[in-house]
Amino acid sequence: MIEPLATERLRLRPLVADDVDRLVDLDADPEVMRYISGGAPTPPDETERIVARAIGHRWLAFDNDGDEFVGWFGLRPSAARDRELGYRLRRACWGRGLATEGARALVDLAFTELDASRVWAQTMTVNTASRRVMEHCGLRLVRTFLTELPEPIAGSEAGDVEYELTRSEWVRTQ
Ligand SMILES: CC(C)(COP(=O)(O)OP(=O)(O)OC[C@H]1O[C@@H](n2cnc3c(N)ncnc32)[C@H](O)[C@@H]1OP(=O)(O)O)[C@@H](O)C(=O)NCCC(=O)NCCS
């Protein structure tokens, strides 16, 4: 099981089944969903399924000051000892360095506590803010690729990017 963790400005606690409504609200903002679904909200029943699958590797973040819900951060187990880094913040919380702060804490956790051999992340090529978060966490660009989408969204013609940080690269930064 995963544990709560804290950064300078954030309190992160493990996701639970009761959090579905918070995540439905988060995904109802078209700006939040721009580079994920083209702006479409995630239907509540799909969010319920996503939450059930994400328990154990996703945290909800709250602002230390006002206890405001900030968003989520995740470290999804993928191949072998790889972990996929993900994050999604409420629009009201953007631009304060909070994504970078939370994501850095998870990258460190992946290598110190979760025995990861590699942390990786993907986003749309045009999602500059997300790419900057990856770079601030020490991940480097490994590939740009095109994905066949059933319904292309604005910017999808530029493809997706994948970033990674291996354990040996992370150790060199410590
Ligand atoms: C991506 C996201 C998590 C960034 O959150 P944030 O808290 O604003 O990020 P930070 O404040 O840590 O800033 C990260 C960097 O992105 C830059 N940035 C933020 N918004 C930007 C924008 N619209 N265009 C270009 N750069 C932007 C910041 O300037 C900063 O870079 P810098 O330090 O070099 O100046 C947030 O925008 C979000 O939740 N978006 C919707 C969900 C999403 O796209 N998730 C990623 C999908 S893989």
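Start by selecting the ligand: 21 residues surround it, and the closest are G95, G97, T100, R132 and H136. Keep in mind as you click around that this is a predicted model.

**Stop 1: around the ligand**

Pick H136 and look at its side chain. One of its polar atoms lies 2.7 Å from an oxygen atom of the ligand. Next, show the backbone of A99, where a polar atom is 3.2 Å from a ligand oxygen. Then move to R96, and again look at the backbone: an N or O atom there lies 3.5 Å from an oxygen atom of the ligand.

How much of the ligand does the protein bury? Taken alone, the ligand exposes 940 Å², and the protein buries 70% of that.

Now switch to a cartoon view and color the elements that give two or more residues to the shell: β5 (82-89), α4 (98-112), β6 (118-124) and α5 (128-136). Which of them gives the largest share? That's α5, with 6 residues. If you color the shell by class instead, you'll get 9 nonpolar, 9 polar and 3 charged residues.

**Stop 2: aromatic rings**

Time for some rings. The structure holds 2 aromatic pairs. Select F62 and F69 to see one of them: the ring centres are 5.8 Å apart and the planes meet at 50°, so this pair is tilted. Are these two residues buried or exposed? F62 counts as buried, at 6% relative accessibility, and F69 is buried as well, at 10%.

For the other pair, select F111 and W170. Here the centres lie 5.2 Å apart with the planes at 25°, so the rings are stacked.

**Stop 3: charges over rings**

Select R143 and F145: the charged end of R143 sits over the ring of F145, 4.0 Å from its centre. Then try R34 and Y35, where the charged end of R34 sits over the tyrosine ring, 5.9 Å from the centre.

**Stop 4: a threonine in a loop**

Jump to T42, in the loop between α2 (34-37) and α3 (44-54). Although T42 is in a loop, it counts as buried, at 11% relative accessibility. What does its side chain touch? Show D27 too, and you'll find a polar contact of 2.6 Å between the two side chains.

**Stop 5: a tryptophan in a strand**

Select W72, which lies in strand β4 (residues 69-77). At 8% relative accessibility, W72 counts as buried.

**Stop 6**

One bit of background for the last stop: most residues other than glycine have a negative phi. Go to D67, in the loop between β3 (58-63) and β4. D67 isn't a glycine, yet its phi is positive, at about 65°. With a relative accessible area of 47%, D67 is partly exposed.

Finish at A80, in the loop between β4 and β5. A80 isn't a glycine either, and it has a positive phi of about 40°. Is A80 buried or exposed? At 78% relative accessibility, A80 counts as exposed.

Definitions and conventions: Residues are numbered from 1 along each chain as its sequence is written. This is a predicted model: local features need pLDDT of at least 70, side-chain atom pairs count only at pLDDT 80 or more; totals for chains, interfaces and linings use all residues. Side-chain values use heavy atoms; hydrogens and water are left out. A residue is near a molecule or strand if one of its heavy atoms lies within 4 Å of it. A polar contact is a pair of N or O atoms within 3.5 Å; within protein, one must be able to donate a hydrogen and the other to accept it, and residues adjacent in sequence count only if both atoms are side-chain atoms. Accessible areas come from the Shrake-Rupley method with a 1.4 Å probe; for residues, only the protein chains shown count as cover. Helices (H or I, at least four residues) and strands (E, at least two) are DSSP runs, numbered from the N terminus. Ala, Val, Leu, Ile, Met, Phe, Trp, Tyr, Cys and Pro count as nonpolar, Asp, Glu, Lys and Arg as charged, and the others, Gly among them, as polar. Rings of Phe, Tyr and Trp (its six-membered ring) pair if their centres lie within 6.5 Å; planes under 30 degrees apart count as stacked, over 60 as edge-to-face and the rest as tilted. Buried means under 20% relative accessible area, exposed over 50%, partly exposed in between (1.4 Å probe, protein chains only). A charge sits over a ring if NZ of Lys or CZ of Arg is within 6 Å of the ring centre and within 35 degrees of the ring normal.
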